[in-house]
Amino acid sequence: MSETTKYLSDYLNEMNRYMARLNRDELSRKDRKLFWELSGEYYDIFQQTEAFPEKILQGMTEFSDNITNLSGDGKDLARVYQDKIVQHANDYINASQRSELQFGIFQKDAEILNLQREKIQMLQELADLDMKMYGKITEQTQDILDVQNCEIFNGRVRELALWERNDAVSEMVSYQDEEQRVSLKFPYMTRNTFMTVKDGIKRMGAAFDPDRKEWYVKQSAGKEAITNIQDYINCHDEAIYLKLPPAGPKEFQGMIGQLKQDGARYNSDKKLWYITEKSDCSKFRQYLPAAKDSVHEKLNNYKSVTEKQHTNVQEMGSRRQETPERT
C-alpha cells in the first residue's frame, strides 16, 4: 500500500469514528473543531498528491463545511457527504492497489531475470572449473545441470526451453486425433517476416489449429525436430529488447509507467520490455542495447544457423515426398 492510500484509509477511519459519535450525539463543539482541523491536514496532503481525484477533495470540502455549519439536517447531509467520499475513495484505493500489484509483478520479473543470469554464470564457472581440473564435466556437476534444466552446448551453459525438458512435456501438450502436440511460441516480427517464417515451419512439419488459433508440432516429430522449429522461429525475433537499470520500487514504477506510455511492450516469456521498428527510439535512448547487442547484430549471428536449418528443411521436404503416406 502506498503512502497516499494509507493516509486515505486513515482518513476514512477517522471519519467513521466521527460519524459514529455524531449519530450518538456525543460530539462537542471542541470535538468537531478537532476533526475539522485534522480533515484540513489530510486535505493538504491529498491536494499535493499527483493525479489525486478531485471528487474526493470536493467531498472532503463539503464534509468540512458541514462540520462548521451543522444545521438541523446536518446529520443527513453528513451521511450523504460521507457516502460520496467513501465511494470515490474506495475506487481510488482499489485502482492504486491494482497498479501497485502490476508494477510489483514486473519488478519481480526483473529480479528473477537477474537472479537467473547470476545462476547461469555460476553454473558456467562450475563447468569451466571441471574442464580445467578434470578435462570433462563431472557427474556431480552434470547432476546439478540436470536439476537446473540446463545443458552444455558448445562449451557454454544454456537453459533448456520448456518443450525440451523431459519432465515438463506434459505441461506443454494437448490432444488432437489422440496424438500429443507442442504449442509453438512466436516473438515479435513484422508481417513480411512472419509470412516467411510461417512457410518455413510448415515445410518443417508445423501446423495451424484454426479453432485454438495456435501453431503446433506433433510430439511424434521428435525432440530434435521440435527444437529446430522453435529455434528457427526465435532466429527471426525482430523485437528490440530494452535494458532497464536497477531501481527502487518508486523509481521502477515510474520507469515502467513511462515505458508503457511511450509504447513499449512486455514479453512475458523472456520477462523483458521491448520496442519495435515502428517505435520512436528517441524516447528509449537510455534503455537501448549497445550496437553489439542490437537485433540486427543478433540476426546476423544467427545467419549461419538459419542457412543450415534452411538446408535441413529442404532435406526434410524431400524425405517427406519420398516416404509413402500411411493408410
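**Exercise 1. The E8–E9 hairpin**

Which residue takes a positive phi in the hairpin of E8 and E9?

Solution. Start with the ground rules. This is a predicted model, in which local features need pLDDT of at least 70, side-chain atom pairs count only at pLDDT 80 or more, and totals for chains, interfaces and linings use all residues. Residues are numbered from 1 along each chain as its sequence is written, and side-chain values use heavy atoms, with hydrogens and water left out.

Step 1. Strand E8 covers residues 265-267, and strand E9 covers residues 272-275.

Step 2. Check the pairing, which requires at least two DSSP bridges between two strands. E8 and E9 run antiparallel and are joined by three bridges. Asn-267 stands opposite Leu-272 in E9.

Step 3. Read the turn. Four residues lie between the strands, and Lys-271 has the positive phi, near 55°.

**Exercise 2. The largest nonpolar core**

Solution. Step 1. Define the set: buried Ala, Val, Leu, Ile, Met, Phe, Trp, Tyr and Cys residues joined through side-chain atoms within 4.5 Å. The largest core has 23 residues; Leu-8, Tyr-11, Tyr-18, Phe-46 and Phe-63 touch the most other members.

Step 1. Assign the core to helices. H1, H2 (29-47), H3 (54-68) and H4 each supply at least two residues. H1 gives the largest share, seven residues.

Step 2. Follow one member. Contact means heavy atoms within 4.5 Å. Beyond four places in sequence, Tyr-18 is in contact with Leu-27, Arg-32, Phe-35, Phe-63 and Ile-67.

Step 3. Look at Thr-4, also in H1 (residues 3-23). Thr-4 counts as buried because its relative accessibility is 17%. Not counting residues up to four places away, Thr-4 touches Phe-46, Thr-49, Phe-52 and Tyr-92.

**Exercise 3. Salt bridges**

Classify the pairs Glu-62 with Lys-84 and Glu-111 with Lys-108 by their place in the chain.

Solution. Step 1. Set the rule: a side-chain nitrogen of Lys or Arg within 4 Å of a carboxyl oxygen of Asp or Glu. The count comes to 13 salt bridges.

Step 1. Take Glu-62 and Lys-84, whose closest N and O atoms are 3.4 Å apart. This pair links distant parts of the chain, 22 residues apart: Glu-62 is in helix H3, Lys-84 in helix H4. Glu-62 counts as partly exposed at 23%, and Lys-84 is also partly exposed at 23%.

Step 2. Take Glu-111 and Lys-108, with an N to O distance of 3.5 Å. They are three residues apart in helix H4, so about one helical turn separates them.

Step 3. Note a network: salt bridges link Arg-181, Asp-209 and Glu-214.

Notes
Buried means under 20% relative accessible area, exposed over 50%, partly exposed in between (1.4 Å probe, protein chains only).
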